[in-house]
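Open the model in your viewer and keep the selection tool ready. We will go stop by stop.

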Amino acid sequence: MSSKATLSIVIADDDADDRMLVEDAFMESRLANPRVYVEDGEELLAYLRGEGKFAGQPRRLPGLILLDLNMPRMDGRTVLKHIKDDPELRRIPVIVLTTSKAEEDILRTYDLGVSS
């Protein structure tokens, strides 16, 4: 099996219903990639850096991050900036999932380096 088939996906979203919808879509699509769910930007950065509750676990960077913009503690915009400013993390594709229709939100995330 190639390493591309085992790329993991990290989903950062504080809403349990949204996480369930994402998981249902993955299951329906029969997506076999390992998935990790985190609830805010601080937890996402801890996971990516192998810190906090993720310290001591084998560290593998994900092949994709699905990122909610509006989360507690550290929102998606702030964590996106941290990811794209980090030479080790910046190449991870990030897709923003949001209900925001604000043009400013859309343009700012592209300016910060979001993939889609």
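Start with one side chain. Select Lys84 and show what surrounds it. Leaving aside neighbours within four places in sequence, Lys84 is in contact with Arg90, Ile92, Val94, Leu112 and Gly113. This is a predicted model, so read each stop as a prediction.

Stay on Lys84. Is it buried or exposed? Lys84 is buried, because its relative accessible area is 16%, and under 20% counts as buried. The residue sits in helix α3. Lys84 and Val114 are 30 residues apart along the chain, yet their C-alpha atoms are separated by 8.5 Å.

**Helix α3 against helix α4**

Select residues 76–85 for α3 and 103–112 for α4. The two helices pack at an angle of about 15°, and their axes are 9 Å apart. They are therefore roughly parallel to each other. The crossing of α3 and α4 is right-handed. Show side chains at the contact. From α3, pick Arg77, Leu80, Lys81 and Lys84. From α4, pick Asp105, Arg108, Thr109 and Leu112. Colour them by class: the contact of α3 with α4 has five charged residues, two nonpolar and one polar.

**Helix α3 against helix α2**

Keep α3 on screen. The α2 side of the contact consists of Gly41, Leu44, Leu45, Leu48 and Arg49. Val79, His82 and Ile83 make up the α3 side. Colour by class again: five residues of the contact of α2 with α3 are nonpolar, two are polar and one is charged.

**What covers α2**

How many residues of α2 are buried? Seven of its nine residues are, so α2 is mostly covered. Select them: Gly41, Glu43, Leu44, Leu45, Ala46, Tyr47 and Leu48. Their cover includes β1, β2, β3 and α3. Turn the view to see the helix against the strands.

What is the order of the strands? The open sheet of four strands reads β2-β1-β3-β4, with parallel pairing. β2 (35–38) and β4 (94–97) stand at the edges, each with a single partner strand, so one side of each is left without a neighbour in the sheet. From one strand to the next, the twist averages 20°.

Next, select β1 (residues 9–12) and β3 (residues 64–68). These strands run parallel and are joined by four bridges. Find Ala12: it stands opposite Leu67 in β3.

Move across to β3 and β4. They too pair in the parallel sense, over four bridges. Here Ile65 stands opposite Val94 in β4.

Show the side chains of β4. Which of them are buried? Val94 and Val96 point to one face and are buried. Finish by selecting Val94 with Lys84: the two are in contact, which brings you back to the residue where the tour began.

Methods:
Residues numbered from 1 in each chain as written. Predicted model: local features only at pLDDT ≥ 70, side-chain atom pairs only at ≥ 80, totals over all residues. Heavy atoms only, no water. Axes fitted to C-alpha atoms, helices over the stretch in contact; angles between N-to-C directions. Parallel < 35°, antiparallel > 145°, perpendicular 65-115°, else oblique. Left-handed = near helix turned anticlockwise from the far one by under 90°. Contact = heavy atoms within 4.5 Å. Nonpolar A, V, L, I, M, F, W, Y, C, P; charged D, E, K, R; others polar. Pairing = 2+ DSSP bridges. Buried < 20%, exposed > 50% of the residue type's maximum accessible area, 1.4 Å probe, protein only.
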